Amino acid sequence: MTSTTEKRTKTGIFALFAVIGPGIIAASAGNDSGGISTYSVAGAKYGYTMLWMMLAMTPSFAIVQEMAGRMGAVTGKGFSALIRERFGVRPTFLAMLLLLASNAATTIAEFAGIAAAMQLFGVSKYLSVPIAAVVVWLLVVRGSYRNVEKVLLALSSVFIAYVVAAFLAKPDWGAVAVSFVVPKIVPTQAFIALAIGLTGTTIAPWMQFLVQSNIVDKGTTVKEWALARWDVIVGAIAANVIACFIIITTATVLHPAGIQVTSAGEAARALAPLAGHYAEALFAIGLLSASVLAAAVLPLTASYAICEAFGWESGLDRSWSEAPLFNGLYTFVILTGAAVILLPGLNLISIMLVSQVVNGMLLPFLLIFMMIIVNDRKIMGRHVNGRINNLFAWTTIVVVIALTALLLGMTLLGIG
Amino acid sequence: MFYLTRMLGRPVVDAAGETIGRISDVAIATREVFPRVTSLAFLGPEKTPFMLSWRKFVSAIDDERVTLNVTRDALRFSYLQPDEILLARDLLNQQIVDTQGMKVVRVNDLKLSESRNQLRLLGAEVGIRGILRGIHPALERMAERILRLFGAELPEDLIAWNYMDLLDRDLSHVQLSVTHKRLHELHPADIADVLEQLSPAQRAKIFEHLDNSQAADTISELEDAFQADVIGDLGSQRASDILEIMDPDDAADIIGDLPYDKAEALLHLMGVEESGAVRSLLGYREKTAGGIMTPEVTTVAAGMTVQQVIDHLRGEAAENESIYYLYVTDEDDHLDGVISLRDLVVSDPETLVADIVKKDVITAYVEDDQEDVAETMSKYDLLAMPVVDENNKLLGIVTVDDALDVLEEESAEDLELATGQRAKAGITGIWRWVSRNGWLVVWSILAVAAAATSSATLVLLLAATVILRIAEDMASHALSRVIEAEDEEEKLPAWRRFAGDALAGVGLGLIVGLVTAAIAWLVSSEPGVGIPGVGLAPRFEVAVAVGLVYALSVLLLSLASTVIARVAERIAGRGHRVSGMVVTVSLMVVGAVSFAGFAYIAYKIVPTLSVVG
């Protein structure tokens, strides 16, 4: 018995709140720049139409997160280490390429978020992005992001404001309820792409690596997992609830007015019923802090995972000469992310959207790795997946691959 | 030479030339330094696994296949023996501890050598080479060829069997070779180094192998940040047993870092005496003499004879942390003096302690700063220093190992203060660069401020940064020439130095010119580059002009630095002090002025060119 179990078993209901509290905050902040923009665009462009997807995706998301956490608790190892030990070098190389691509794409989106937020304050991206790159890099190398983390988390939880804004906007709740349960598809490329992006931002591949390594680092054992899993599950559900409110708000405020979200300023207008003139400032603060936080966490996640897979030395307390690849990797991801945004003439919102579509397309392949591992009795013992877990996860995999194939086909044939 | 990754999947052919399966694994006997391959595992039709003795049935092995010496019907299958392990299952892709390099690594491949049909394991390949080969052998060859172009080799990182310890599979029941070095047989400090690289679950596994006294030593050697975690993760009973064995001062440090509940639980489980010692230490403030001292002091009374003291040492005092100094106290524990072990050994057994005691003892007050204590100890070369309260009552001693830790810790902290950088993060090199180039930061802030007037100024100021950096570099060279003025023969003749600088200048000009051209082509959609107040200028000419401006500025700087160095040498020769600041600043001014001058000339000339061209 370790200290955490002793503490947790002692006080029932309060312990549960203590456990799920951080999960909810983390999840609301987990809606990073890619998430905010994707949900905003979905609401503004298609109204309530996409809400049913959010409902369908919530169990999948919770289940995938739970699987990742369970793998960490049972094996005490990260996802990439398990991939390496189960599949060998070649598939690992592929998986790590996927992770790096997903991660780099999202990091680019985070810098796009920083640039967009600062533009709302009237600062040019040529000034804000280089400074942000240096700040983020310093946060990472000095390991001080853990200190700043809480501040950023608190600031980015302003997105909870969407919940209030949704009520103030007085949506037609009947229509909202119907949209949640009645599936509707618009047969255009844009809609399919957005659906993939919605999946990619909700069940982001890098998040599975992060959840698992968090569980491993905390030293959570299988016994403790019984309670800790609720943290992960509740966090996942909370994140999706907030995402739904973002869609409802933008669908109520922006969609009827015919406003297409092509810039952060337009996305911010959805908060006008709540914050009035301060909508832009509120939106910008949330976007900025969520983006900075994610821009520090993402490259680090990739770096840790890849080094774990290939047995390279890693850790923030290792110098450049001790762990050149570890330090090089996150530096490379941060620099690339910032450099791409500095290219002139980019539309920041499209960058954020595209990165999430990339995430969505890569997701099924990493999920396949996860499914094989989590169902391997030699690795998971009696903690292999139950039937419901497998059903939801495989459905997600099949649906996303089908959507990707559909999008490819439509693009090639010029339909929609 | 064979590599396991290349052997797996190769066909297994029987004496009749018929393929009966594909290699899936090989087993080795673990008892040797270079273990023999003892069994061959292969997958037959429909993936049925088989295993057979290598010695009995394998007649030949080459890059293509394994050939057996009998036909399929004559094969007798076997099972994995208790002292055998499977290379692909137990080693390949797994994490192992390199007990020689004290690192945790992952096995990318296994290298085997063949002699008379006998395969032996040479070692585990843990370097980049194995990864490349694993992805595709062609990739390895390509990397090798590319590196050879640069005169480098692709190194092979091999760890021999006797320097491996496996983390995952519990091999405690497997008899390893006599020379085998297991993790838990290493020095506690080395074990601690390895443990810090592992995840909590893996750490817990290792601790299962360590006995309590090894575990206590290892935990003492861990970085502070890990200590409380490790103790916290152990079971309470085991944790309290280990804490009992540790020196009370170390134990108090760890318990002080634990959450209150856990700390109390552990103290309750510990023996009365040990927990008392720890509790009394917990009352002292951190970073003071009281915080780092141990209460285990060897005290003697003034009235004892030398023989009595020696008997006392052999008896109850034998377990104390330090016995090099014996402290003489009265019945109320007031410190009266000190005798050293040396005094004791060279004295006649009948001598009274009172006759050899030294009265002037160097002591520390319990509230003294730990750094002062350590400084004093190193100044007087003390192995231990007594700690007293305001009434001169002896409370404990600070031993030399704790003092060393303090010095290490404080120097790290001082570095932190000086550079604003945690020494642990290990990027001191980069930070030194940043702090040395502080003017760059000031410069860029100024540049941004100036940019408020016009964006052209910003571009110009930022462009001049490179020149200023070069000026600073040349200044430091010039200064080092002045400082090492006596090494006349090592000095390069002026013309060669100048030629070198000229070459560097031209090179820089070329690079900057190319970059400018690239930017001009990429950014500007118009046929030329917009120059404020003039209009459009042709891209090519602009690039050449920018390159020339840089090249000429560097040349002029080089000339100036030669002159300034001469002047500085002359001044230094007359016995005056040369201010590095003045040299640097004057070179920077020369650099800035020449850069601005050349830029102005270019600004005037380029537009006229565009008219001509």
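# Chat about a predicted model

Biologist: Is B:Asp333 buried, partly exposed or exposed?

Modeller: B:Asp333 is partly exposed, as 16 other C-beta atoms lie within 10 Å. The cut-offs: 20 or more other C-beta atoms within 10 Å of a residue's own is buried, 12 or fewer is exposed, and in between is partly exposed, with C-beta atoms placed from the backbone.

Biologist: And how should I read the model and its labels?

Modeller: This is a predicted model, so local features need pLDDT of at least 70 and side-chain atom pairs count only at pLDDT 80 or more, while totals for chains, interfaces and linings use all residues. Residues are numbered from 1 along each chain as its sequence is written, and chains are lettered from A and ligands numbered from 1 in the order in which they are written.

Biologist: Back to B:Asp333, where is it?

Modeller: B:Asp333 sits in the loop between strand 16 and strand 17 of chain B. Its phi is near 70°, positive although the residue is not glycine. Most residues other than glycine have a negative phi.

Biologist: What's phi at B:Asp381?

Modeller: For B:Asp381, phi is near 55°, again a positive value in a non-glycine residue. B:Asp381 lies in the loop between helix 18 (370–380) and strand 19 (384–388) of chain B. With 7 C-beta neighbours inside 10 Å, B:Asp381 counts as exposed.

Biologist: How do strands 16 and 17 of chain B pair?

Modeller: Strand 16 (residues 325–329) and strand 17 of chain B are antiparallel over 5 bridges. B:Tyr327 has B:Val338 in strand 17 as its bridge partner. Strands count as paired if DSSP finds at least two bridges between them. Helices (H or I, at least four residues) and strands (E, at least two) are DSSP runs, numbered from the N terminus.

Biologist: What does B:Ile96 face in strand 14 of chain B?

Modeller: B:Ile96 stands opposite B:Leu166 there, and in strand 10 of chain B its bridge partner is B:Val105.

Biologist: Switching to chain A: how many helices and strands?

Modeller: Chain A has 20 helices and 0 strands. Of its 416 residues, 56% are buried.

Biologist: How many residues are in the largest nonpolar core?

Modeller: The largest core has 146 residues, and A:Phe111, A:Ala112, A:Ile114 and A:Ile247 have the most contacts inside it. Helix 16 (residues 279–310) of chain A gives the most to this core, with 21 residues. A nonpolar core means buried Ala, Val, Leu, Ile, Met, Phe, Trp, Tyr and Cys residues joined through C-beta atoms within 7 Å.

Biologist: What does A:Phe111 touch?

Modeller: Its contacts include A:Val129, A:Ala295 and A:Ile341, not counting residues up to four places away in sequence. Contact means C-beta atoms, placed from the backbone, within 7 Å.

Biologist: What's the angle between helix 3 and helix 11 of chain A?

Modeller: Helix 3 (residues 33–46) and helix 11 (residues 189–202) of chain A pack at about 145°, with axes 10 Å apart. The axes are lines fitted to C-alpha atoms over the stretch in contact, and angles run from 0 to 180 degrees between N-to-C directions.

Technical notes: Contact = placed C-beta atoms within 7 Å.
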